[in-house]
Every structure is written in structure tokens, then in C-alpha cells.
Amino acid sequence: MQFNWYKNILAATLAGPAPGILSAQSTPPLKDTAFEPLRAPFPVPMIPEYIWWIGLITLAVLTLLIIWMVRAARGSSEEISQKINPLNIALEAIKSLEGRIGELEAREFSSEVSEIVRRYIEQACEIPAQEQTTEEFLQSIQSHPFFTQEIKEHLERFLGLCDMAKFAQQSVDSE
């Protein structure tokens with residue numbers, strides 16, 4: 001009786017599966033080894049696709065932000081340059097000098113107004129007007145397109161009067 005159990009298993013195997021148990025055709029065939037064979041490698045994306053899209057959108061937004069900032073900075077620098085252009089600086093200096101006209105001597109006044117005019121010309125025309133004598137300066141503006149003949153004549157007369165007041169100790173009236 002001890003060996004009856006294996007007879008029952010053998011009889012069940014030959015008779016086929018019992019009802020409710022899967023048939024032999026639906027079960028995978030048994031393999032000779034306990035391990036499955038290796039499969040060919042397949043590429044695994046390191047970064048998911050949605051991350052690429054997020055990065056692309058972020059890059060586009062940053063690019064637009066940088067463009068906007070550059071344009072805003074350029075616009076503000078143009079506004080600043082319009083507010084602080086050489087002419088405005090010279091006009092402010094002359095207004096300041098007019099307020100002190102009664103307390104300055106002719107020599108000091110002519111020296112300061114000559115310096116204002118030379119600084120304006122130096123900044124506006126990029127001519128080293130403050131480093132040159134009046135004669136050198138008048139020679140250097142002869143071919144400059146900024147100066148018309150009328151402006152050259154006025155500058156020559158004005159700077160000549162300033163030089164006379166500064167160096168020749170000439171008396172200059174308030175006009």
C-alpha cells in the first residue's frame with residue numbers, strides 16, 4: 001500500500017488533466033535549464049521625453065527673458081544718454097555759472113566758461129579741446145564737419161576774448 005500513491009499519479013497523468021485544471025497545451029513547455037536565455041539589449045532612455053519638453057520650453061522662456069532684458073537695458077541707456085548728453089551737461093554748467101556771475105572776477109568767469117565750452121566740444125565731437133591751446137584747437141576744427149564757418153568765427157572770437165581775460169589781464173565788462 002505504500003506504493004499506491006504513485007499509481008494514482010501515473011493514472012491521473014495518463015488520463016489527462018482533471019476538470020478545472022489547465023490543459024497541457026496552455027502551459028508553457030518545460031525547458032532544459034532553470035534559467036531563461038538572455039535577451040538582446042534594448043535602449044533605455046536616460047531622461048524621459050517629457051523632461052526634454054520641459055527643458056526646451058524653459059530654454060525658450062529664458063531666451064525671451066534675456067532678449068527682453070537687453071532691449072529694456074538698451075532703452076534705458078538711450079534715455080540716460082538723452083538726459084545726460086554733452087549739451088545738457090554744458091547748459092546746466094552755464095546755468096550754475098550764471099548764478100555765481102556777481103561773485104566771480106572776469107578772469108575766473110572767463111576761465112570757467114571757456115572750460116565748459118571746451119568740455120562740451122570734446123565730449124560732443126571727440127576733439128581733445130581741453131588739451132590744446134586756442135590756436136591748436138581752432139586749427140583742428142577747420143576740417144571737422146560739425147563746425148560751420150559761422151560757428152568757427154564765433155568760437156575764435158569767444159575763445160580769444162576768454163584768453164585775453166585769463167592771460168592778458170584785460171578788463172572785461174559784464175556783456
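Biologist: Which residues of α6 are buried?

Modeller: This is a predicted model, in which local features need pLDDT of at least 70 and side-chain atom pairs count only at pLDDT 80 or more, while totals for chains, interfaces and linings use all residues. Residues are numbered from 1 along each chain as its sequence is written, and side-chain values use heavy atoms, with hydrogens and water left out.

The buried residues of α6 are K152, L155, L159, C162, D163, A165 and K166. Buried means under 20% relative accessible area, exposed means over 50%, and partly exposed lies in between (1.4 Å probe, protein chains only). Helices here are DSSP runs of H or I with at least four residues, numbered from the N terminus. Helix α6 covers residues 149-167, 19 residues in all, and its first and last C-alpha atoms are 26 Å apart, close to the expected 27 Å. That expected span is 1.5 Å times one less than the number of residues.

Looking down the axis of α6, the buried residues fall within an arc of 160 degrees, so they line one face of the helix. The arc is taken from the directions that run from the helix axis to the C-beta atoms. On the face of α6 turned away from the buried side are the exposed residues E150, R157 and L161.

The buried residues of α6 pack against α4 (106-125) and α5 (134-140). Contact here means heavy atoms within 4.5 Å. Leaving out residues up to four places away in sequence, L155 touches V117, I121, F137, L138, I141, F147 and G160.

L155 and L159 also belong to the largest nonpolar core, which has eleven residues. A nonpolar core is a set of buried Ala, Val, Leu, Ile, Met, Phe, Trp, Tyr and Cys residues joined through side-chain atoms within 4.5 Å. Two or more residues of this core come from each of α4, α5 and α6, and α4 gives the most, with three. A second, separate core has six residues, including L97, L104, I116 and C162. In soluble globular proteins, nonpolar side chains tend to be buried together.

S114 is buried, at 1% relative accessibility. Neighbours within four places in sequence aside, S114 is in contact with L159, C162 and K166.

A salt bridge is a side-chain nitrogen of Lys or Arg within 4 Å of a carboxyl oxygen of Asp or Glu, and the count comes to two. In one, the closest N and O atoms of E112 and R100 are 2.3 Å apart. E112 is in α4, while R100 is in the loop between α3 (86-99) and α4, twelve residues apart. E112 is partly exposed at 27%, and R100 is partly exposed at 30%. In the other, R119 pairs with E115 at 3.1 Å. R119 and E115 are four residues apart in α4, so about one helical turn separates them.
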